[in-house]
Amino acid sequence: MKYVPAPLDTYYRGITVHADRAIVWRWLCQMRVAPYSYDWVDNFGRTSPRKLTPGADNLAIGQRILVLFEVVGFERDHHITVQVRPGLRWFWGNTCCTFRVADSDEAEGCRLRMIMTVHDRPSRFAKSTGLYQVRKYLFPWVELVMVHKQFRTFKKLAEKMASEGPSEEAGNARIDRSR
């Protein structure tokens, strides 16, 4: 992994979305605005927006995203790669996530995938206080539940937008109907 040195743990998540790749990618950009998971847990009780936020797709390297992360790479309509901000790595480790939107083998739609890589070498503080053990064993299970909810939310919102057809809300989502 380009951003995370060994030793590491890797986790994979994915879902099929019956919407164009550009629409799904545009919803991924909304992670700059809100987490789209369990809002009562990771958004301080505020509901993640159900409409696209203008300009949220104007990504730049170093931007904060999902509170803990910063953007380290992206390609419009294809992927967003984020990494835990340096000041938070003492507990979260050098964690990196790539959210990738790819064509699906199905006739309509795409696959939304996440690959999370976690550097598995704790800081001295985390190791000496036992925080490392908590993160090491609970994090994959918590992450599974949170990302599952996040992906289901993105799926629902993207499919709704796709079924409604083109609108101003789609903003900069370029729709490729040539497939």
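Biologist: By class, how many nonpolar, polar and charged residues does the lining of the largest pocket have?

Modeller: The lining has 20 nonpolar, three polar and three charged residues, where Ala, Val, Leu, Ile, Met, Phe, Trp, Tyr, Cys and Pro count as nonpolar, Asp, Glu, Lys and Arg as charged, and the others, Gly among them, as polar. Please keep in mind that this is a predicted model, in which local features need pLDDT of at least 70 and side-chain atom pairs count only at pLDDT 80 or more, while totals for chains, interfaces and linings use all residues. Residues are numbered from 1 along each chain as its sequence is written, and side-chain values use heavy atoms, with hydrogens and water left out.

Biologist: How should I read a pocket, and which residues lie nearest the centre of the largest pocket?

Modeller: Rolling a probe the size of a water molecule over the atoms shows where empty space is left. On a 1 Å grid over the protein atoms alone, a pocket is an open set of points where a 1.4 Å probe fits, with protein on both sides within 12 Å along at least five of seven lines, and lining residues have an atom within 4 Å of a point. Here the largest pocket is lined by 26 residues, of which Asp42, Leu68, Phe69, Trp92 and Met146 lie nearest its centre. Helix 5 gives the largest share of this lining, nine residues.

Biologist: What order do the strands of the open sheet have?

Modeller: Strands of a sheet pair through backbone hydrogen bonds, either parallel or antiparallel. Helices (H or I, at least four residues) and strands (E, at least two) are DSSP runs, numbered from the N terminus, and two strands pair if DSSP finds at least two bridges between them. In this chain, the six strands of the open sheet have the order 1-6-5-4-3-2, with antiparallel pairing. Strand 1 (8-17) and strand 2 (64-65) stand at the edges with a single partner strand each, so one side of each is left without a neighbour in the sheet.

Biologist: How many bridges join strand 1 and strand 6?

Modeller: Strand 1 and strand 6 pair over ten bridges, and Thr10 has Thr117 as its bridge partner in strand 6. Strand 5 and strand 6 pair over nine bridges, with Thr117 of strand 6 also the bridge partner of Cys96.

Biologist: How many residues of strand 6 are buried?

Modeller: Buried means under 20% relative accessible area, taken with a 1.4 Å probe and protein chains only. Seven of the ten residues of strand 6 are buried, so this strand is largely enclosed by the rest of the structure. Across the 179 residues of the protein chain, 47% count as buried.

Definitions and conventions: Buried means under 20% relative accessible area, exposed over 50%, partly exposed in between (1.4 Å probe, protein chains only).
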